[in-house]
Amino acid sequence: MSVDQLTEEIRTQLVAGAQRRMRRERQRVWVGVLAAGIAVIVGVSVLVFRPDNPTRVDTVSTPGSQRAFAVCDEVLAFDSPRTPQTPIGRSEWEGVARDAAATDDATLAELAAKVRDAYAPEKGSPGFTEARIALAQRCRDIGAPNYNPRYVPFVPSPAPTVDLDTYGEPQPFAFTNKPPKVTTRPPAGFDLEEVALGVTPQGGYVMYWTYDGPLGPTTSCLDYGAPAVGGMQDCGSEDIRQGESPLPFRTIDRATILHVPAGTSFVVMESAGERYVQRPASQTAIIVWKTPRNQTPVTAREYDANGTELRCHGAC
Amino acid sequence: MIVPSDEDLLASASRDVDAFGVLYTRYVKELLGFLVRRTADSQAAADLVAETFAAAFVARRKFHPQGPGSARAWLYGIARRVLGHYLRRQSVSDRYRRKLGMTSVLVESDAARMVEEQADLASIRDALRGAMTTLPDSQLDAIRLRVIEEMPYRDVAQRLGCSEGAARVRVARGLARLAEVIEQ
């Protein structure tokens, strides 16, 4: 068999299948016309012979239908890693709006149409981002599986054998199953795996998850500062979990975040008279300061379970 | 003689199967090469080509021409989506082929060899081999355990003596590097 024979065999099957489908499509059109005719006749009859107490029927959209989920996934596919990147243009958004209109979810259809109408790259697409956020929120609300990952606790660091109180004021990292109110971009993607969530009483918050992208598993991480600030950063590709060497820690105004290797038992951070200690969770420590840093140097020290200093970062 | 553009052919395909057949003939070998370079598997590439065209036919009314080249981009977009599914699931979806009543075409060994020759797979294999030598041992081991030996991440992490998250990231980084080589 040559390559030509191979492609010809596929062509033969494709054309035969396409002809069959086209015939079915034509039949469907005729059946549709017939059904519409019958519906008109029935409708007219009902109007003519209307009973005294007609029953009012409210149409309620059925949230969470498979078709609606498919539309949500269609949008999600635009953001998923592709190789190489393909630009998403007007026709894609028109396709989404059309598919959404074909679902039984009127809200989804309306939001998809808003996104399509807002897409105008020549004018800077005003309102486009807001429209997309609203569409994604709708997808979450109706329970689209790929927008609603499951949550699991963080993995705690090795337990210290020393009294942490002697190292500073503890800022415990608690495990939670609810994102904080400041969340503006929860995990979204295909084949989402379980999501770890951690929060400190002071408002430091980390979310860490992986999903299967076309190039293999991809890790993402979001850090939030204190709720008053609402800052958010993407741990991104420089996540400590990609290697074992610690990264320089980062500050987001009120919070300082440090990614540590698996062997680190606890972290002590101090700056401008404040001194805090924390056991990392999923190799992440997040300390929230009482006052904003404003360029104030921060010193962070990592310790093993016995209190032996492993590494120092910042102003050491 | 006026040669119809790809966009015209796709627009005509709503009513005319032959127009779609012409489009198929124009792009089948190019797409076959595109897919075999990314899968290194002639059988999978042939199935992906069939699935791509079947999906394109089913969705032909969704295509709205946006100038020259838009039909080709649309077709490649579908191919990438079908390929993405294959890479995630390690199996070729037959969703659209079933809609058209198509079956898998068996790629015999001589055809497979010719497809690979046309796609210049040998040079890609060499490039990949070269790229693998540049990967750190930690990533190479992670890829070997996960991709070749198909171990769960938990076991990969245990074997490598790192956390499960670190194992995942090592695999992802290594594969991303290899993907760059294929793209070049």
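The model is a predicted one.

Chain A is built with five helices and 14 strands. Of its 316 residues, 46% are buried. Among contacts in chain A with a separation of 6 or more, 56% join residues 24 or more positions apart. The accessible surface of chain A is about 16000 Å², and carbon and sulfur atoms hold 56% of that area.

Now to the cysteines: over all chains, the structure holds two disulfides.

| Disulfide | Sulfur–sulfur distance |
|---|---|
| Cys72(A) and Cys139(A) | 2.1 Å |
| Cys312(A) and Cys316(A) | 2.0 Å |

The torsion about the S-S bond of Cys72(A) and Cys139(A) is about -95°, so this disulfide is left-handed. It links distant parts of the chain, as Cys72(A) lies in helix 2 and Cys139(A) in helix 5, 67 residues apart. Cys72(A) is buried at 0% relative accessible area, and Cys139(A) is buried at 1%.

The link of Cys312(A) and Cys316(A) is left-handed, with -105° about the S-S bond. Here Cys312(A) is partly exposed, at 25% relative accessible area, while Cys316(A) counts as exposed at 59%.

Strand 14 (residues 309–314) pairs with strand 13 (residues 299–303) in the antiparallel sense over five bridges. Thr299(A) has Gly314(A) as its bridge partner in strand 14. Five residues lie between the two strands of this hairpin, where Gly307(A) takes a positive phi near 85°.

Val33(A) belongs to helix 1 (residues 3–48) of chain A.

Key
Residues are numbered from 1 along each chain as its sequence is written. Chains are lettered from A and ligands numbered from 1 in the order in which they are written. This is a predicted model: local features need pLDDT of at least 70, side-chain atom pairs count only at pLDDT 80 or more; totals for chains, interfaces and linings use all residues. Side-chain values use heavy atoms; hydrogens and water are left out. Helices (H or I, at least four residues) and strands (E, at least two) are DSSP runs, numbered from the N terminus. Buried means under 20% relative accessible area, exposed over 50%, partly exposed in between (1.4 Å probe, protein chains only). Contact means heavy atoms within 4.5 Å. Accessible areas come from the Shrake-Rupley method with a 1.4 Å probe; for residues, only the protein chains shown count as cover. Two strands pair if DSSP finds at least two bridges between them. A disulfide is a pair of cysteine sulfur atoms within 2.5 Å.
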